[in-house]
Amino acid sequence: MEKKLYHCVAYYPELWDESFIDSDIRYMKQAGINCVRMGEFAWHRMEPRPDEIDISFFVRVADRLHENGIDVIMCTPTPTPPVWLTDGHPERLAVNYEGKRYIHGARQHVCTNNPEMRMRAAIITEAVAKAFAGHPGVIAWQLDNEMKAQTDECMCPECGKRWHEWLRDKYGTVEALNEAWGTEIWSEYYDTFEQVVQPLHTTYPHNSSLQTQYRLFSRQMINEFAFMQAEIIRRYSSAPITHDVHTNFALDAEALFKGLDFTSMNGYTDDNGYCKWLFDFDLYRGMRGDNRFFVTETSPNYSGNLDCMVRHHRPGFVEIEALGAYASGAFGFSYWHFRQHRAGCEQPHGALLTAWNKPSTGFYQVQKVEKLRAAVEPCFTATEFQKPQIAMTYSSEARAYFMTERLLEGEDYSVRMLWLHGIMERRGLRRDILPQTASLEGYKLLFTPFLPHVSDEYADRALEFVRRGGVWLIGPLTGIRTEHHTVSTDCCMGRLEKEAGITAEFFYPMSASGNRLKAFGLEAPACLHGAACTAHEGTEVLGVMTSDITDGFAFLTCRKSGKGHIAVLSALPQIGNAEGEKMLEEIFAYFAHLAGVDDTFTADPGVSVIMRRGEGRYKKVITAINGTDRDGTYLLEFDGTDVITGQSVSAGRRLLGPFGYEVIAVKTD
Amino acid sequence: MEKKLYHCVAYYPELWDESFIDSDIRYMKQAGINCVRMGEFAWHRMEPRPDEIDISFFVRVADRLHENGIDVIMCTPTPTPPVWLTDGHPERLAVNYEGKRYIHGARQHVCTNNPEMRMRAAIITEAVAKAFAGHPGVIAWQLDNEMKAQTDECMCPECGKRWHEWLRDKYGTVEALNEAWGTEIWSEYYDTFEQVVQPLHTTYPHNSSLQTQYRLFSRQMINEFAFMQAEIIRRYSSAPITHDVHTNFALDAEALFKGLDFTSMNGYTDDNGYCKWLFDFDLYRGMRGDNRFFVTETSPNYSGNLDCMVRHHRPGFVEIEALGAYASGAFGFSYWHFRQHRAGCEQPHGALLTAWNKPSTGFYQVQKVEKLRAAVEPCFTATEFQKPQIAMTYSSEARAYFMTERLLEGEDYSVRMLWLHGIMERRGLRRDILPQTASLEGYKLLFTPFLPHVSDEYADRALEFVRRGGVWLIGPLTGIRTEHHTVSTDCCMGRLEKEAGITAEFFYPMSASGNRLKAFGLEAPACLHGAACTAHEGTEVLGVMTSDITDGFAFLTCRKSGKGHIAVLSALPQIGNAEGEKMLEEIFAYFAHLAGVDDTFTADPGVSVIMRRGEGRYKKVITAINGTDRDGTYLLEFDGTDVITGQSVSAGRRLLGPFGYEVIAVKTD
Amino acid sequence: MEKKLYHCVAYYPELWDESFIDSDIRYMKQAGINCVRMGEFAWHRMEPRPDEIDISFFVRVADRLHENGIDVIMCTPTPTPPVWLTDGHPERLAVNYEGKRYIHGARQHVCTNNPEMRMRAAIITEAVAKAFAGHPGVIAWQLDNEMKAQTDECMCPECGKRWHEWLRDKYGTVEALNEAWGTEIWSEYYDTFEQVVQPLHTTYPHNSSLQTQYRLFSRQMINEFAFMQAEIIRRYSSAPITHDVHTNFALDAEALFKGLDFTSMNGYTDDNGYCKWLFDFDLYRGMRGDNRFFVTETSPNYSGNLDCMVRHHRPGFVEIEALGAYASGAFGFSYWHFRQHRAGCEQPHGALLTAWNKPSTGFYQVQKVEKLRAAVEPCFTATEFQKPQIAMTYSSEARAYFMTERLLEGEDYSVRMLWLHGIMERRGLRRDILPQTASLEGYKLLFTPFLPHVSDEYADRALEFVRRGGVWLIGPLTGIRTEHHTVSTDCCMGRLEKEAGITAEFFYPMSASGNRLKAFGLEAPACLHGAACTAHEGTEVLGVMTSDITDGFAFLTCRKSGKGHIAVLSALPQIGNAEGEKMLEEIFAYFAHLAGVDDTFTADPGVSVIMRRGEGRYKKVITAINGTDRDGTYLLEFDGTDVITGQSVSAGRRLLGPFGYEVIAVKTD
């Protein structure tokens, strides 16, 4: 893939007469589209009857696009098997938690663990890969589409078989499984692997280990399905491979992208959702350690489907989405989709063109984005997102744990993480969000919240980071469960307690318990489950509880260790509460300062400052974006030049209008 | 049927000892009941074992009623098949959207498309028809009861077979179906009709065409079931045939009543629901073009069932229900029901008598209604509801479209139509509500809102209406979908755009988008999806948007055409918002004025004025009803005589107390 | 069982290594635990494979406990059958109202009516009974655990068979059933018992008789299952047998405990729930007529499970729970549970010890309870709960009726009863809550609210009570349904009307109907369904309605009868409304006064005064408890001695802090 900023759109030429292509390309050019994504739902067009495969239509389309300077991301069409795959074969259909089989008519209704589905997916994948082998227009591949968006864990008997094999591989003997899961409880005990149930709805919650392991099993299986496709494509093509994910799908995105070649994300939010975008940018940029990602899907104007009407974005929002993405490390930004569907179930979804082939309100937004993209491209391709000094660990596994055990009190893990992220952002603390396995090289502060199971590998790496001078802030709800999703029988937080020089004496639900936390002269109510701790000698207590239950116990400690520090935040100031947010902001600031973090920024809430680094006049480039519909300011610390207008700009407080932005090449000395 | 005002009650003599009949008739007479409806759930009593049929009990009851001057509407008992029909035959039971079969024990649990059910229904229908052939007391027939009240579309395999036949009849070839439905999308494509799924719950919404066509199929099937019964009855009886519907059932009432002989409606609302009654009166009066209808069910005091307790009407409400109905064209008004059930599932439902056979609170309300009915009968039988000059089109098909595609944002079509109706009523604009196929003869203004698919037949008729001088107000959400429930690929609103002299440039969700509409010096936020239009030469722009998205585009236009005008309301002022309601009122008033509408009235909100026309002293009769529990006034334009009291009344502002009313024979010259 | 105050905990030694026992016993002693409950979920540990039974582990544990002075309540392990019982046998699994079978993995997933389950339960019960026959440490038995907590009525075909047999036993002929249930309605009629459906979800509510009878059938079946176990145990042990119930389970607790030897209750509420505790104490103390009960489960600090996090009790709450229980007649108070589960689905539930075997926050609460328990034990074992003069009838059958017919408008019967109870408590009116069959000996006032079906046996006993001088207050919603859950065809309230000297003229939904009740100079809106009555000669009208519907009719009457009075409260002052509560308080006070009730107390709302009676210095013992987190006072009528501190206390208004309490041995003369 070239070093450029891709500006892309999802394209479904198979739904329209081939004669549309010329006009489509003209429209694309008018909108500044330089890349299209296609093929992802076109299995029937490619293979109308079993083994009657013909990809030539898509090759012709790709040829025409390539002739016109438009690149292609080619997709495998596996989310939507044709009716011939399931007609007369209900056993191939996925089954939900209620034990109900889906039917043909939408997507992802087929179980991707079904052997016939696997075989058929392999055949069509190979055909597509072969057809596009060496095609100069194909700059990348996308596998399937939004895996596990609609169906989470499948409960079909075929999955049951694989589940039992997976358990056998993992635990070796059923005795080991019983011991690990503590199945003597409620006489759950299994005599054989084949007896282990799939966690279908029953009279009460299933065993936590069972539930979490089934989630991990399912996540591993769907990745296997993806990797099978990737392996086939690589036989024919050297173009990089990706998949388009969304934070709330039932996936282990970290493991998935480790097996693919670059990271892609989809995101739909209304125009108040800029903070959600920033979170996703930080998350997907860090997913593979390559400091970049691709935005595969967003709406040019509004989203929707037959069941759900969503309001139109206010003008300007799509521009800041795109600028925020490119500045944060995106090398591509893509819309869903080119022309409004005339049929199906997503007619109410916005697109660049209407079903009657005229520019929609989105088209004009896209043209504005293109103007902006073109203006920043020279600068952004000459620079890289400036690596932050703070890392926050994000874990797909943790998300699965919290689905099993609702310690986050009804909210999804990603929503709670978003809240933490927002507080850092508001304080001007730049950060990466990193998967569990990521290198900690180059960071100064590591924050590990909401990680119930801390693997030895992770702990070792974090402790090494501390030894070399890093500050590790642990908690809340971190280290409190084992790898089997049970409670540790050694102590509350496992090995972390000893390392951090604390004892977590009591661990209990603190929400509305009257507990108030005190630190840095501030006070705030506690929330969620938390631990009341005592500090070992040499451990500093930074925050204590005032509580009828655990008065005077510590909730925030810090201990020198090697050249660095290990800190524990064992209870959380209340979410969505002004006192709580203020305290958490101070906690973050304290540890950032302790860690020597010096790449912070100053801005009003909702205004973000994104930094890039390069050479010469682009040594330091500031992108300031107002994600709100009110005026907002930030502090430009040095004079500079506006990259878009070319005008000189003086250091000082800078005003940005609603959804306003500017990109400043800063004179750093 | 005689020219009188029927005062009727649902009667279940089969549930009580035959010795009750004499006392029942005495009570009926005391309450002024002159007609009873019976038989609708009595299949078991009529046919306790297959083919052991004995209708004689009901004939005896009818004889006794007739001897006492009480007429009978005789029903077929098909909503409640005896257990012998389904015992051992689960395949005859209906299946819901979740794929679950119902069981014996309630009603409508049997699939009316099941061949055995069809055959058995025919047999019992014929037996009843034969038994009452020529019976002098039977003035009318009712088929079944509240078809599709509890079960909407059935998903049983038997329905699947009929569905495939229906599709074959409609589309001829599966290729035609695929093309019409755009099934290349998501590889939905069907190779045979037999593969086409029933829209059972799956991972995402089904194809819009599939969903809507299944709804239309189901509506046609249940009508077939009704027509089969009607055809049998007609072999034996010339009494007119009806069925009792409710606006929220899964029916095509228009097509149903076209095949029957008069229109009947059921309605239950609490005592704040007078506006809902008025809407239904207008709707069912216009359903067959015969300017009349029958109210088959309402509660004399309160409704309810085992699962649902409903509060008692305040006194006076039943009187205005009845008067409003009779004045609006009802020739009968019937209660549900005579004596409280001692058993079953509707014991908490009000009735005239209690289960211990004493007058209930409802009995006394009914006596008051009778007094009123008797007082107005000479006047109302000598007059007819005065045909309004405004017609609003109501479409069962449109309702099905909006069930598939939630463009009405979560509300049922009938609720949105009720809101539009209420604004006309508040402005004193008299109107008929007409089915799509109704003649437009005699109207001055035609309003066509929320009609996604406008058939050529309808458009032709409306355009002819315009040519002859009518004003046609189109929209919102009208003409935006094809007959297959897809989006037009020609333009947003199909042929309507050219006829109306506009181009709908952009069509998008306007709710909360910041769009504000301006017209007639008023301003209001827009809601729902709407179109931003440009006007062709010769088209007047009456309203424009102020919007960040589509600033300055038109939402209200009017074009002279032939002797009339075609106007388009392409976006809707916000529902439930004072500004929006005010603007819509002005829009209606403007076009009513433009059309020369001159039969308006002036009244406080909640007070309705219903006009009837006759000869001589009843040339013009005004019925004024206060549907609220506050005082309200209306303007009596001429002196007149109070039909109930006989007293003279002077023109001027007239005060009506809570739930107050008066009927004035007006001196028009 | 000894005359002492048991302080108990649920113990699951089978989940931990046997080496834990010594340390566990030490912890128990530190916490003051003198009794443990064990075995209830340990079926697999006891019988890992069919017929391989070994109870010796539990015997060893019991030996060790006994050696250490800790008693044992031994349980049968039947709520959690091992996987070998259901593997390959889905027909043994319970089926819910949706027709869905549960699966292995939680508890109560097996149908207790399944013959194999019955047989297997009998075998394991006998094995346990045999193993502990004559064991000196086993002071009592518990059958199963929380029967019908998770699964209510089972709908499996096996239950269907028993259902048909049960109906045959009850009704003799299917004709009798049809007549009793009124099945001619909606042609529900059954030709054979085998046709009678189980009330699985269908298109509308099932017949009320069917629904209620199925509930009663199910309640009788589960009791049969319990009695089968009890019968087996009694062959081997003379220790008393109990079962632990909760008010909201699908049980007939009255019939259950009649067949067992003492009453036990579980209760979990947050720390605002003291009034709920009081209600349960009153209810379970009266269940068997032995003036005592056992609290088998409550949380020492907080409850919870994987799906549900519950906040921590504020300190002090567990002490008032325990003191309230002991004072109210509990001879045991037990926590759930000893050590936090490391696995399963209840890790988030509080316990005395953490999973890592350290004292939790609960442990210290339990130590405080122990201090208190030890202090009051001499006094409480020398006294008995002082029998109140007021009895309120509570009926499991009534609860089933109101599940079928939602006359309580969405709330459970027990919640409505709690509300009535709370008003008596607030007025200082001491009361027992009695089952329908309880003796009325010694009471002065009997209150019979919400009892739709009044059996002749009950009415006879109540009337005898009246003849001897008692006051019987009937209603609301009492006597309005027959034993088959139909409406009486004689009159609204059956024989009660004649006895009470009233006619219930109208019975209808009064909520929000505008009805206002007037009595004792007070006024309040009516709620729920109620009757508007006329009084026969000699019946005094104490309260009348002002209503547009039934103005001037009586809702509160009283008639002298024998030496006593029969009063009817035919309509209810509004629940949750200050006027309504005030009026109801006055009504209670009036009849208490009329009945000569003289054991009342005076206290602030939320402060309860519990009286015990003994000899000598413990002739009269007052326990005053503040169930709120605010200060509260009560009136101590005599001087006395504080039982806990030994200090003298003077009569007068006494202040109790939040969750405060005191126990005073009163000098009554």
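What rotation, and what shift along its axis, superposes chain A on chain C? In this predicted model, a rotation of 120° with 0.0 Å of shift along its axis brings chain A onto chain C, with an RMSD of 0.0 Å, where copies are superposed by least squares on the C-alpha atoms of residues with pLDDT of at least 70 in both. The two copies are thus related as by a three-fold rotation axis.

Residues are numbered from 1 along each chain as its sequence is written, and chains are lettered from A and ligands numbered from 1 in the order in which they are written. Because the model is predicted, local features need pLDDT of at least 70 and side-chain atom pairs count only at pLDDT 80 or more, while totals for chains, interfaces and linings use all residues; side-chain values use heavy atoms, with hydrogens and water left out.

**Interface of chain A with chain B**

- Contact, meaning heavy atoms within 4.5 Å, involves 53 residues of chain A and 53 residues of chain B.
- The size of an interface is often given as the accessible area lost when the parts come together. Chain A and chain B bury about 4600 Å² between them, with 62% of it on carbon and sulfur atoms; buried area is the accessible area (1.4 Å probe) that two parts lose on being put together, summed over both.
- Two salt bridges are counted between chain A and chain B, a salt bridge being a side-chain nitrogen of Lys or Arg within 4 Å of a carboxyl oxygen of Asp or Glu. The side chains of Glu98(B) and Lys100(A) form a salt bridge, at 2.7 Å from N to O.
- There are 19 residue pairs in polar contact between chain A and chain B, both residues being at pLDDT 80 or more. A polar contact is a pair of N or O atoms within 3.5 Å; within protein, one must be able to donate a hydrogen and the other to accept it, and residues adjacent in sequence count only if both atoms are side-chain atoms.
- On the side of chain A that touches chain B, the elements that give two or more residues are α2 (43–46), α4 (83–86) and α12 of chain A, and the largest share, three residues, comes from α2(A). Helices (H or I, at least four residues) and strands (E, at least two) are DSSP runs, numbered from the N terminus.

**Interface of chain A with chain C**

- Here 53 residues of chain A are in contact with 53 residues of chain C, and the area buried between chain A and chain C is about 4500 Å², of which carbon and sulfur atoms give 62%.
- The count between chain A and chain C is two salt bridges, and the side chains of Glu98(A) and Lys100(C) meet in a salt bridge at 2.8 Å, N to O.
- Polar contacts between chain A and chain C number 19 residue pairs, both residues being at pLDDT 80 or more.
- The side of chain A that touches chain C draws two or more residues from each of α7 (174–181), α8 (208–234) and β17 (502–509) of chain A, with the largest share, six residues, coming from β17(A).

**The six-stranded sheets**

- Chain A holds an open sheet of six strands in the order β12-β25-β26-β31-β28-β29, with antiparallel pairing; two strands pair if DSSP finds at least two bridges between them.
- At the edges of this sheet stand β12 (383–385) and β29 (648–649) of chain A, each with a single partner strand, so one side of each is left without a neighbour in the sheet.
- Seven bridges join the antiparallel strands β25 (residues 607–614) and β26 (residues 620–626) of chain A, and Arg612(A) stands opposite Val621(A) in β26(A).
- In chain B, an open sheet of six strands has the order β12-β25-β26-β31-β28-β29, again with antiparallel pairing, and its edge strands, β12 (383–385) and β29 (648–649) of chain B, each pair on one side only.
- Strand β28 (residues 640–642) of chain B runs antiparallel to β29(B) and is joined to it by two bridges, with Val649(B) in β29(B) as the bridge partner of Gly640(B).

**Backbone features in loops**

- Most residues other than glycine have a negative phi, and most peptide bonds are trans.
- A cis peptide bond joins Trp336(A) and His337(A), with omega about 5°, and His337(A) lies in the loop between β11 (330–335) and α12 (361–381) of chain A.
- Trp336(B) and His337(B) are likewise joined by a cis peptide bond, with omega about 5°.
- Glu146(A), in the loop between β4 (138–142) and α6 (157–171) of chain A, has a positive phi near 40° and is buried, with a relative accessible area of 8%; buried means under 20% relative accessible area, exposed over 50%, and partly exposed in between (1.4 Å probe, protein chains only).
- Phi of Glu146(B) is also positive, near 40°, and Glu146(B) is buried, with a relative accessible area of 7%.
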